[in-house]
Amino acid sequence: MRKTTTALALASSLLATPMALAAAPPAAPTLHPALAGHRTLAGQMRTAKIANLRADLTTRAVRLARKADISAAAERRRAQGRSPAQLRARIHGLEQRLNAPTASPTMQAIAQCESGGNPATDTGNGFYGKYQFTLATWQAVGGSGNPAQAPEAEQDRRAAMLYASAGAGQWPVCGR
């Protein structure tokens with residue numbers, strides 16, 4: 001039995017029966033049923049510390065997710081019920097994602113030539129985004145929707161995939 005629980009049981013038994021103590025003190029204090037399931041102060045502090053840690057880690061994960069163009073609400077849902085270790089792993093993954101190298105100088109030059117480096121370019125000519133993808137090419141590298149509406153980091157990643165698989169020939173003028 002923990003010292004805290006024993007002390008509480010003793011104090012409770014002493015305070016609960018002041019008249020009975022005056023008549024004849026009990027041989028040994030008994031544990032009242034109300035205190036039988038009592039959590040120790042150390043346990044309560046550990047639970048509070050874990051809750052605070054989870055809240056801090058969730059806030060940090062949400063902040064990083066916003067930087068990575070991930071919905072804050074989606075990140076909060078993802079964090080619910082996770083242990084601090086799982087939240088730390090998620091934060092580490094988000095940090096790696098954000099610190100990943102940006103587009104290579106070659107890809108930056110292609111983007112500058114194609115769209116002036118503007119990821120939202122949509123001129124109505126059938127080519128979209130920073131690298132002027134066609135919808136078919138965008139879908140071929142795993143994109144969905146309109147490339148001009150995709151985050152810039154996703155456009156960079158998919159253009160790098162296209163360049164790695166097909167070379168600069170996908171940009172006949174700017175890829176030289």
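Q: At what angle do helix 3 (residues 41-67) and helix 5 (residues 84-98) pack, and how far apart are their axes?
A: Helix 3 and helix 5 pack at about 20°, and their axes are 9 Å apart. That angle makes helix 3 roughly parallel to helix 5, since roughly parallel means under 35 degrees, over 145 is roughly antiparallel, 65 to 115 is roughly perpendicular and the rest is oblique. The axes are lines fitted to C-alpha atoms, for helices over the stretch in contact, and angles run from 0 to 180 degrees between N-to-C directions.

Q: What kind of model is this, and how are residues numbered?
A: It is a predicted model, in which local features need pLDDT of at least 70, side-chain atom pairs count only at pLDDT 80 or more, and totals for chains, interfaces and linings use all residues. Residues are numbered from 1 along each chain as its sequence is written, and side-chain values use heavy atoms, with hydrogens and water left out.

Q: Back to that pair: which residues of helix 3 and helix 5 meet?
A: Helix 3 contributes residues including Ile-50, Leu-53, Leu-57, Ala-61 and Leu-64, which meet residues of helix 5, among them Leu-87, Ile-91, Leu-94 and Leu-98. Contact here means heavy atoms within 4.5 Å.

Q: How many helices and strands are there overall?
A: The protein chain has 8 helices and 0 strands. Helices (H or I, at least four residues) and strands (E, at least two) are DSSP runs, numbered from the N terminus.

Q: How much of the chain is buried?
A: Of the 176 residues in the protein chain, 28% are buried. Buried means under 20% relative accessible area, exposed means over 50%, and partly exposed lies in between (1.4 Å probe, protein chains only).

Q: What about helix 4: which of its residues are buried?
A: In helix 4 (residues 72-79), Ala-72, Glu-75 and Ala-79 are buried. They fall within an arc of 60° seen down the axis of helix 4, so they line one face of the helix. The arc is that of the directions from the helix axis to the C-beta atoms.

Q: What do those buried residues of helix 4 pack against?
A: The buried residues of helix 4 pack against helix 3 and helix 5.

Q: Now helix 6: which residues are buried and which are exposed on the other side?
A: Helix 6 (residues 105-115) has Met-107, Ile-110, Ala-111 and Ser-115 buried. They cover an arc of only 100° around the axis, which puts them on the same side of helix 6. Pro-105 and Gln-112 are exposed on the other side.

Q: What do the buried residues of helix 6 pack against, and at what angle do the two helices meet?
A: They pack against helix 8 (152-166). The angle between helix 6 and helix 8 is about 110°, with axes 11 Å apart, and the two helices are therefore roughly perpendicular to each other. Thr-106, Met-107 and Ile-110 of helix 6 make the contact with Ala-159, Ala-160 and Tyr-163 of helix 8.

Q: How many residues are in the largest nonpolar core?
A: That core has 12 residues, among them Met-107, Ile-110, Phe-133, Trp-138 and Leu-162. Helix 6 gives the most to this core, with 3 residues. A nonpolar core is a set of buried Ala, Val, Leu, Ile, Met, Phe, Trp, Tyr and Cys residues joined through side-chain atoms within 4.5 Å.

Q: And what follows helix 6?
A: Gly-116 follows helix 6, and the phi of Gly-116 is positive, near 75°.
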